[in-house]
Amino acid sequence: MDHGGAAWRTLSRIRERRPLVHNITNYVAMDLSANVLLAVGASPAMIHAVQETAEFALAADALVVNIGTLSDGWVGGMRAAIDQAVHRGMPVVLDPVGAGATAYRTQVATRLAPFATVVRGNASEIMALAGAGGRPQGVEAAHDVTSAHGAAADVARRFEAVVAVTGGVDYVSDGEQALHISGGDALLTRVTAAGCALSALVGACLAVEAVPLAAASHACALYGVAAQQAARTAQGPGSFRVALLDALYSLDEPTVRAGVDIQRSA
Amino acid sequence: MDHGGAAWRTLSRIRERRPLVHNITNYVAMDLSANVLLAVGASPAMIHAVQETAEFALAADALVVNIGTLSDGWVGGMRAAIDQAVHRGMPVVLDPVGAGATAYRTQVATRLAPFATVVRGNASEIMALAGAGGRPQGVEAAHDVTSAHGAAADVARRFEAVVAVTGGVDYVSDGEQALHISGGDALLTRVTAAGCALSALVGACLAVEAVPLAAASHACALYGVAAQQAARTAQGPGSFRVALLDALYSLDEPTVRAGVDIQRSA
Amino acid sequence: MDHGGAAWRTLSRIRERRPLVHNITNYVAMDLSANVLLAVGASPAMIHAVQETAEFALAADALVVNIGTLSDGWVGGMRAAIDQAVHRGMPVVLDPVGAGATAYRTQVATRLAPFATVVRGNASEIMALAGAGGRPQGVEAAHDVTSAHGAAADVARRFEAVVAVTGGVDYVSDGEQALHISGGDALLTRVTAAGCALSALVGACLAVEAVPLAAASHACALYGVAAQQAARTAQGPGSFRVALLDALYSLDEPTVRAGVDIQRSA
């Protein structure tokens with residue numbers, strides 16, 4: 001299959017249709033998530049209050065729920081938006097930040113996961129969702145992607161969702177098929193909210209690509225290609241973050257076709 | 001009238017007096033708003049709790065209220081600060097982010113507008129405040145500035161405020177007179193909170209320039225000149241945002257005099 | 001004493017051990033604090049809800065509490081985390097942002113200070129904690145560091161903490177001994193949350209260096225060296241912030257040894 005061409009088509013559709021991505025995300029990730037969405041041509045909105053999330057979700061093209069800086073006041077807004085999304089058939093991305101780090105966030109993540117179209121997390125978070133005891137180091141992965149392959153498939157089947165485990169080589173599974181996505185750069189681990197912003201990008205891809213396995217893998221691949229571009233000129237994590245946004249904005253067809261590396265899992 | 005010279009005088013006064021600008025703003029906009037204010041030489045503070053906004057507003061030189069990531073807990077803090085500002089005669093800027101997108105934010109914006117010295121928004125938001133049905137696409141404008149000229153004048157008269165509609169060519173109206181401000185760059189639409197940060201800059205200008213029509217147009221013009229400078233070296237939205245702060249910091253008299261383009265509306 | 005060598009050892013340990021720094025900090029400072037911690041090799045987490053801060057603090061290596069955008073809901077989370085930290089003997093940094101600016105934040109800062117291992121603030125904040133009437137201009141210092149030397153020693157003795165007053169030449173006191181740390185750059189005052197992010201770095205240093213006077217002075221010195229590096233290429237506050245993160249990431253032994261300037265107070 002021509003994955004590079006398919007990923008390029010997804011990016012082109014985002015630029016053309018400018019999907020409205022409703023983010024209920026953590027305080028740390030809002031800035032980078034919104035800027036990543038704007039860089040690729042999507043239209044971000046950050047609206048979390050229970051008074052308006054359901055109404056707002058009526059107009060959106062995708063919903064991204066991220067539990068990074070969780071508190072009870074926000075969970076109500078998340079639930080109202082998710083109910084609306086489910087009712088409308090709008091795709092939902094769940095980013096279970098820090099699942100496994102505390103009982104509270106493992107519970108909330110587990111309660112929201114059944115409504116997700118795609119769950120994107122690091123290895124420890126996905127292992128925690130699978131009940132596999134993947135306690136992260138704080139909110140960072142303490143495990144590598146490979147050790148979470150089984151957990152990803154389990155979570156995918158249990159919640160009937162596509163699961164994307166991101167890290168060195170990303171792994172995207174729908175419970176039956178799985179894809180490996182290479183790319184990215186180690187500097188991504190030195191920029192706060194880089195994973196959260198990828199979840200936002202998954203939302204934009206889902207808004208224009210109906211097959212969740214394709215949408216999630218395209219998001220990972222496009223992000224990875226942009227990160228590789230950014231790493232060429234970066235002097236460290238500060239300039240890398242700036243260059244990542246520039247690269248996402250500037251991605252062209254030859255770069256995407258040459259850079260996308262999606263492999264079917266054996 | 002020598003608008004370039006007047007805008008330069010406003011900027012010079014900000015640098016000299018370092019006005020304290022009290023911002024009750026959304027989570028996404030806090031960082032860029034504070035950095036824009038610091039770049040021009042003002043002193044920003046972000047304080048929102050109802051326990052302290054009224055006391056804090058006693059010491060401030062301008063108040064900026066932005067409803068971006070609204071919730072009920074914050075509205076109380078906004079009201080207390082506004083009451084203090086009105087009592088003291090301190091200028092108030094209202095940024096009605098997403099007015100029209102949900103009933104909740106249209107209501108809150110409409111309740112706060114009567115207390116504003118300047119309302120700054122995009123075309124859709126100002127049309128929503130005018131009751132003209134300007135439903136935005138999420139929190140971004142779905143209309144161009146020209147289509148909101150009438151709504152701007154209406155809102156200005158109804159709330160006895162100056163209204164700044166920003167976009168391609170900004171439009172600032174006090175209900176009788178109006179000004180067109182050219183400048184800026186399309187990359188501003190690819191940086192989250194770029195409009196919100198302009199509202200913060202309006203606050204700094206109001207703190208040193210008593211005529212709201214002048215203060216609002218100077219803010220738009222100075223921001224536009226800096227954006228044009230930034231666009232010269234930017235490779236995309238990441239580097240543009242960085243360069244915008246550098247440019248605001250570095251603005252000098254010849255650049256401002258040559259770049260400011262404020263025209264009286266016919 | 002070989003302060004340069006000692007500061008280098010502290011940085012090397014952070015890179016090696018990747019301490020988990022639990023931050024309960026303000027909305028404005030989250031992004032830069034997390035990115036500063038990632039740049040030096042530490043592992044940041046931002047978790048504030050009372051449902052989980054005590055549990056999360058069980059796994060952390062240091063706790064940083066910052067009252068910048070204070071509200072009652074957060075104070076409970078802060079208290080629960082601090083109780084756990086005290087129970088475990090984990091070091092606690094307090095950043096009393098805006099103490100003196102309102103009665104509410106002076107009260108909260110004074111209530112939390114007895115639990116701090118290190119208090120880091122600007123001159124006005126430390127004077128306010130000492131009851132010396134150091135009303136800041138908003139959240140920025142209205143006093144220079146020298147005028148707060150006496151207050152720093154008072155606060156250190158009263159709360160049995162190390163106090164770091166940062167500004168032109170930083171001053172770190174444990175109530176008996178004191179150190180002066182030179183370095184930094186004036187552009188630090190034009191970047192929002194630059195002081196808050198230094199408090200986060202103090203947390204990382206405390207996690208690997210048991211003597212609080214040493215840990216606090218190393219944090220100030222390393223930050224100062226990185227800021228000097230960053231200022232060499234910066235065009236203004238935007239590029240300075242980016243270069244500061246790059247410089248923290250890239251600090252090597254010769255640069256640290258040559259740049260660290262810590263002097264015993266006479």
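**Sheet, helices and cysteines**

In chain A, 9 strands form an open sheet with mixed pairing, in the order β2-β1-β3-β4-β5-β6-β7-β8-β9. Its edge strands, β2 (43–46) and β9 (261–264) of chain A, each pair on one side only. From one strand to the next, the twist averages 20 degrees. Strands pair if DSSP finds at least two bridges between them; helices (H or I, at least four residues) and strands (E, at least two) are DSSP runs, numbered from the N terminus.

This is a predicted model: local features need pLDDT of at least 70, side-chain atom pairs count only at pLDDT 80 or more, and totals for chains, interfaces and linings use all residues. Residues are numbered from 1 along each chain as its sequence is written, chains are lettered from A and ligands numbered from 1 in the order in which they are written, and side-chain values use heavy atoms, leaving out hydrogens and water.

β3 (62–66) and β4 (92–95) of chain A are parallel, with 4 bridges. There, A:V65 has A:L94 as its bridge partner. Helix α8 (194–208) of chain A touches (heavy atoms within 4.5 Å) β1, β3, β4 and β5 of chain A.

In chain C, the buried residues of α5 (103–112) are C:Y104, C:R105, C:V108, C:A109 and C:L112. Buried means under 20% relative accessible area (1.4 Å probe, protein chains only). These residues fall within an arc of 125 degrees seen down the axis of α5(C), so they line one face.

The structure holds 0 disulfides (cysteine sulfur pairs within 2.5 Å) over all chains. For B:C220, the nearest cysteine sulfur, that of B:C205, is 8.9 Å away.

Notes:
Buried < 20%, exposed > 50% of the residue type's maximum accessible area, 1.4 Å probe, protein only. Arc of directions from axis to C-beta. Axes fitted to C-alpha atoms, helices over the stretch in contact; angles between N-to-C directions.
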